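Please keep the sequence and the structure in view while reading.

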Amino acid sequence: MLDLFQSMGDFALMVSKSFRYMVTHFRTGDTLIQMDRIGVGSIPIVFLASIFAGLDMALQFEVVMAPYGARALLGKVVTTSIIRDMGPVLASLVMSARVTAGISSELGMMNSTQQIDALRVMGVDPLDRLVAPRIFAGIVMMPILSISGDFLALLAGLGISMAVGHVPAPLFWSGVRDALTAQNLTDAFLKPLFFGFILTSIGCYYGMKSASGAFGVGKSTTKAVVSAAIWILVANFLLSKLLINVWGLTG
């Protein structure tokens, strides 16, 4: 229990110092490099996962709704499901496997080879140079990737709705427009914002705390990926509950 409180304190301290550096000593060059690595580098896998998620969701909803003659609602149902939950969560989990693991292993190896100690000797705070740019890049790039993936998932859903459910495109897009409410759009933007913070900050924390050697780095990377996935799911539920309380049971 004592170790848990110690870890929570260390994590909170790392995050608070990193946000302070984002405000007082913003590193533009390092941040752009991380945005390229974290965001641009994740485009293929996030977009591919979003397309297949859209295909599958439209197919499953078509099977369930067809017996009730509710195919006309496919556009609204698919859109609501994708932008409120499936899109942000799926994109974040896919990115956690790539980004969180990459950050943790990279920082862990730097820690193992004493490169982080060398930064401290030179008077450079590793939180300023290594952690703050990665967290900022995750917070900025995650919503962009998630919303772009949502759009591709909707196009995939449109294809299945037209091919399997014989739903006309104008009727599908009418449902999409009905689903683009303020509540749903808030979900679509706010959740990836938090998920981007979670998957980068946890990767940085475990990387900075990594033990020496290949075994220590591998163990820290595994812990980082598992912890990020769990906290993304927990945060998704808590944010959903919070936003439902704020907006009410409307969709």
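Q: What average pLDDT does the protein chain have?

A: pLDDT is the predictor's confidence in each residue, from 0 to 100. Where pLDDT is low, the predicted coordinates should not be read in detail. In this chain the average pLDDT is 91, and 99% of the residues score at least 70. Residues are numbered from 1 along each chain as its sequence is written, and side-chain values use heavy atoms, with hydrogens and water left out.

Q: How many helices and strands does the protein chain have?

A: Helices (H or I, at least four residues) and strands (E, at least two) are DSSP runs, numbered from the N terminus. Here there are nine helices and zero strands. Along the principal axes, the C-alpha atoms fill a box of roughly 70 × 35 × 35 Å.

Q: How far apart are the end C-alpha atoms of helix H9, and what span should its residues have?

A: The expected span of a helix is 1.5 Å times one less than its number of residues. Helix H9 has 35 residues (213-247) and should therefore span 51 Å; its end C-alpha atoms are 50 Å apart, which agrees. After H9 comes Gly248, with a positive phi near 90°.

Q: How much of the chain is made up of buried residues?

A: A residue is buried under 20% relative accessible area, exposed over 50%, and partly exposed in between (1.4 Å probe, protein chains only). Of the 251 residues in the protein chain, 45% are buried. Leu13, in helix H1, has 47% relative accessibility and therefore counts as partly exposed. Between the C-alpha atoms of Leu13 and Arg177, 164 residues apart along the chain, the separation is 43 Å.

Q: Which residues touch the most other members of the largest nonpolar core?

A: In soluble globular proteins, nonpolar side chains tend to be buried together. A nonpolar core is a set of buried Ala, Val, Leu, Ile, Met, Phe, Trp, Tyr and Cys residues joined through side-chain atoms within 4.5 Å. The largest one here has 40 residues, of which Met14, Met95, Leu107, Val131, Phe195 and Ile198 touch the most other members. Two or more residues come from each of H1 (2-24), H2 (28-38), H4 (74-112), H5 (115-121), H6 (126-163), H8 (182-208) and H9. H6 gives the most, with ten residues. Another core, of 16 residues, lies apart from this one and includes Ala58, Met65, Ile82 and Val176.

Q: Which residues is Met14 in contact with, leaving aside its neighbours within four places in sequence?

A: Contact means heavy atoms within 4.5 Å. With those neighbours set aside, Met14 is in contact with Leu127, Val131, Ser201, Cys204 and Tyr205. Across the chain, 86% of the contacts between residues at least 6 apart in sequence join residues at least 24 apart.

Q: How many salt bridges are counted, and which residues form them?

A: A salt bridge is a side-chain nitrogen of Lys or Arg within 4 Å of a carboxyl oxygen of Asp or Glu. By this rule the count is ten. One of them joins Arg37 and Glu106, whose closest N and O atoms are 3.3 Å apart. Arg37 lies in H2 and Glu106 in H4, so the pair ties together parts 69 residues apart in sequence. Arg71 and Glu62 form another, with closest N and O atoms 2.6 Å apart; Glu62 is buried at 6% relative accessible area, whereas Arg71 is partly exposed at 34%. In a further pair, Lys191 and Asp85 have their closest N and O atoms 2.9 Å apart. This pair links distant parts of the chain, with Lys191 in H8 and Asp85 in H4, 106 residues apart. Lys191 is buried at 0% relative accessible area, and Asp85 is partly exposed at 32%.

Q: Which residues does the UniProt annotation "transmembrane region" cover?

A: UniProt positions are given in the numbering used here, feature names are shortened, and annotations may be inferred rather than shown by experiment. According to the unreviewed UniProt entry, the annotation covers residues 38-59, 151-169, 189-208 and 228-249. In the model, residues 38-59 are 82% helix and 0% strand, with end C-alpha atoms 31 Å apart. Residues 151-169 are 74% helix and 0% strand, and their end C-alpha atoms lie 15 Å apart.

Conventions: Predicted model: local features only at pLDDT ≥ 70, side-chain atom pairs only at ≥ 80, totals over all residues.
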